[in-house]
Amino acid sequence: MGSTRNSFMSTYQTTQPAKCLYIDGASGRLGNDGTLDTQMLLLYGNITGPPGKNGTGEFLWDEYARAQGLCAWLRDRKFDDPGHGIEAIVRMSAGFELIWCNFSSPSLRLVSRFNASVPLLGYNRTSLITEKSEETEAASSVGTRGEPEVDLPAPEWEIDWEHEPFVASQQWDWFTSMSRTYDMEDMSSEREPTIRLLDSDVVSLYSPDFPDLQTRMADDEREQYNFTKVGFWEGAKTLELRHAALQALTRRRHRHRAGNLSPHEITTLRQNMEKMVSRLLSQEDPHIKPVSWSRTSDLIVNTFAKPLMHFQKLLQHDQYPLKPHNPSVLSTRKKFALLRERAHAMLMPFFSYQPQHQHHESSLHRCKSTYLPNNNNNNNNNNNNNNNNKDNNDNNNNNNNNDNNDNNTTHHFLIQAFEETLHNICTTLIIVGISIEEVWLEQFNNNGNTATRLGSEQEGEGLRERMEGWRERVEELTAWLG
């Protein structure tokens, strides 16, 4: 932010679409909570760094070593062909950052470079910056890292840090500059319009290639979160304990770490990374993909996230005055009508109220299939692969089939994850929605001009119990979704 000595601002521009490797999961944030685990395993086979620095915490701050290591990983496997191969690594922190590996690539050009250092408080060195800035810009060129050659006074941190004028504001300015590219109110919006995510082929530790890791995670969750052997939550004894337990369930994936992989699993991770990059580079036009999983995820989030939160709020205890001494339920009817409206809004695209559809399997199928891509293209590709002419070069066919099988495996486990998510969302909405309809027909189905009455205290308590059941279902769904 210009608040340290010898701060230079270099601006580059791509001259053509450039291929990048994206490492997900806040992988640019420095911390010991797992954000760096995947890239550390890829580079060193551990999460502590190269030999000599293991366990010291020193390597946590050595970002240049990680960047050089990631670029070397691409270069050693000949994935970094300038202008054609993988030329950068994208990581996420407060925003998205780009580690560019080869500044002599034809995919990049230098637009400008200047000295952005600000004068120290109490020391006027503006003339020094002005005098030497042109020389520095002229000396800088594409293909060099561009280390500054201007000999500017560097303050001792303990003594002169107070003379830096923008120390107090630089952290805020850094964060806001990162967050300008996405909408804080809509976290599924397009975060970086200049980057197109090719996410139909990914490497994930949740894939079937790591069954032992998933078994260990399931065992850990069973012990930590009171799950049954088949993964169902057994609940909590009191409302206070339930609230705390649901919060813990919402954040349970934060405990999932890649640092406890076995040597065999680390080898599998590295091999899968190489296969994925090879598949990307072997495609004639890698910018054309049949499925965008990130956009599919955005569609589901935008459809259900805020409506579910609103629906859950409507089900809170204090929303419905079901007091026995207040037999009039006109106010309750109005609020219940709003609850029914919100349920209907989520159910309407796929739900049929007709008697012949009471079993609602078709509603569940419509709900799930509406938000998932068509699998016909993938099935046709599988058939084509199975019918390859075996008279061709056997080795090439075997290699191609292996790559296609790997790609299909990726596709299938992503499909499975989306189907499971949609199944739980849709099942909960249908069960709760049908139950709301039953209560409406039993107790509130009039034109709204007259007040109905709860026939007895038992009816009022029965309605409250049913609403608590709906609330618990929705709360558990949102906690499971995270």
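Residues are classed by relative accessible area as buried when under 20%, exposed when over 50% and partly exposed in between, with a 1.4 Å probe and protein chains only. The structure is a predicted model, in which local features need pLDDT of at least 70 and side-chain atom pairs count only at pLDDT 80 or more, while totals for chains, interfaces and linings use all residues. Residues are numbered from 1 along each chain as its sequence is written, and side-chain values use heavy atoms, with hydrogens and water left out.

With a salt bridge taken as a side-chain nitrogen of Lys or Arg within 4 Å of a carboxyl oxygen of Asp or Glu, the count comes to 17. One of these joins R77 to E274, whose closest N and O atoms are 2.9 Å apart. Because R77 lies in the loop between α2 and β3 (86-92) and E274 in helix α8 (residues 263-282), this pair ties together parts that are 197 residues apart in sequence. R77 is partly exposed, at 30% relative accessibility, and E274 is likewise partly exposed, with a relative accessible area of 30%. Within helix α6 (residues 211-225), D219 and R222 are 3 residues apart, about one turn of the helix, and their side chains form a salt bridge of 2.8 Å, N to O. Salt bridges that share partners also join E63, R66, R91 and E97 into one network.

A further salt bridge, of 2.3 Å from N to O, links the side chains of R29 and D33; R29 is partly exposed at 34% relative accessibility, and D33 is partly exposed with a relative accessible area of 39%.

Definitions and conventions. Helices (H or I, at least four residues) and strands (E, at least two) are DSSP runs, numbered from the N terminus.
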